[in-house]
Amino acid sequence: MKTLIAETIRPALENPFVSPKELSKTVGDTTVQEKNITYPTDAKLLSRAIIQLAKHVKQHDVKVRQHSSHKAKKASVKHSRYAHAKQYNCMNREIRDLKNWLGRLVRDIERNKGDRILSYEFQQLLSTSKKLLTQE
């Protein structure tokens, strides 16, 4: 970075455009730098909840009918493609499917957990999944 700044300043110093005193302090602006942030869409949240619940179900040996994690990944990709193509009815169908699968998974877990002691992380994920199902 220092060499890059030095090479940009050197031509200004060779030609009398800027004095060395003016260049004693340099300010670097990073506001145009890309950020690694993504917007949490419904489909992404729902599919991640399904996938993580399926992982915890396997760890805690809770019997469920099906966890649909493989279908959730595909539905999330389909959702983003439909959104890009402005096919909103198809996009909403994928969200509806994801909600159905998550609801079925949550109900199966609650029904079949019995008196097992679930980890704190699993309980938090389960409560977050319930919030996802009820939000509009």
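Residues are numbered from 1 along each chain as its sequence is written, and side-chain values use heavy atoms, with hydrogens and water left out. Because the model is predicted, local features need pLDDT of at least 70 and side-chain atom pairs count only at pLDDT 80 or more, while totals for chains, interfaces and linings use all residues.

**Helix H2**

Helices are DSSP runs of H or I with at least four residues, and strands are runs of E with at least two, numbered from the N terminus. Helix H2 covers residues 42-60, which is 19 residues. From its first C-alpha to its last, H2 reaches 27 Å, close to the 27 Å expected at 1.5 Å a residue. That expected span is 1.5 Å times one less than the number of residues.

Residues are called buried under 20% relative accessible area, exposed over 50% and partly exposed in between, using a 1.4 Å probe and protein chains only. The buried residues of H2 are Ala43, Leu46, Ser47, Ala49, Ile50, Leu53, Ala54, His56, Val57 and His60. An α-helix has 3.6 residues a turn, so residues three or four places apart point the same way. The cover over the buried residues of H2 includes helix H3 (69-84), helix H4 (88-112) and helix H5 (120-134).

Histidine 60 lies in H2 and is buried, with a relative accessible area of 18%. Contact here means heavy atoms within 4.5 Å. Apart from neighbours within four places in sequence, histidine 60 is in contact with Arg116, Ile117, Leu118, Ser119 and Phe122. Aspartate 61 follows H2 and has a positive phi, near 55°.

**Helix pairs**

Axes are lines fitted to C-alpha atoms, for helices over the stretch in contact, and angles run from 0 to 180 degrees between N-to-C directions. Angles under 35 degrees count as roughly parallel, over 145 as roughly antiparallel, 65 to 115 as roughly perpendicular and the rest as oblique. A crossing is left-handed if the near helix is turned anticlockwise from the far one by less than a right angle, and right-handed if clockwise.

| Pair | Angle between axes | Axis distance |
|---|---|---|
| H2 and H3 | about 165° | 9 Å |
| H3 and H4 | roughly 155° | within 8 Å |
| H4 and H5 | roughly 135° | within 10 Å |

For the H2 and H3 pair, the angle is about 165°, and these helices are therefore roughly antiparallel to each other. Their crossing is left-handed. On the H2 side the contact is made by Ala43, Lys44, Ser47, Ile50, Ile51 and Ala54, which meet Ser69, Ala72, Lys73, Ser76 and His79 of H3. These residues divide into five nonpolar, four polar and two charged. In this scheme Ala, Val, Leu, Ile, Met, Phe, Trp, Tyr, Cys and Pro are nonpolar, Asp, Glu, Lys and Arg are charged, and the others, Gly among them, are polar.

The axes of H3 and H4 cross at roughly 155°, which makes H3 roughly antiparallel to H4. H3 passes H4 in a left-handed crossing. Lys71, Ala72, Ala75, Lys78, His79, Tyr82 and Ala83 of H3 meet Tyr88, Cys90, Met91, Arg93, Glu94, Ile95, Leu98 and Trp101 of H4. By class, this contact has 10 nonpolar, one polar and four charged residues.

H4 and H5 cross at roughly 135°, which makes H4 oblique to H5. This crossing is also left-handed. H4 contributes Lys99, Leu102, Gly103, Val106, Ile109 and Glu110, and H5 contributes Phe122, Leu126, Ser129, Lys130, Leu132 and Leu133. The H4 and H5 contact has seven nonpolar, two polar and three charged residues.

The loop between H2 and H3 holds histidine 67 and serine 68. Histidine 67 is partly exposed at 23% relative accessibility. Leaving aside neighbours within four places in sequence, histidine 67 is in contact with Ile50, Ala54, Lys58 and Leu105. Histidine 67 and leucine 126 are 59 residues apart in sequence and 14 Å apart from C-alpha to C-alpha.

Serine 68 is buried, with a relative accessible area of 4%. Although not a glycine, serine 68 has a positive phi of about 55°. Lysine 86, in the loop between H3 and H4, is likewise not a glycine and has a positive phi of about 60°. At 60% relative accessibility, lysine 86 is exposed.

Valine 77 sits in H3 and is partly exposed, with a relative accessible area of 38%. Its C-alpha atom is separated by 34 Å from that of arginine 116, 39 residues apart along the chain.
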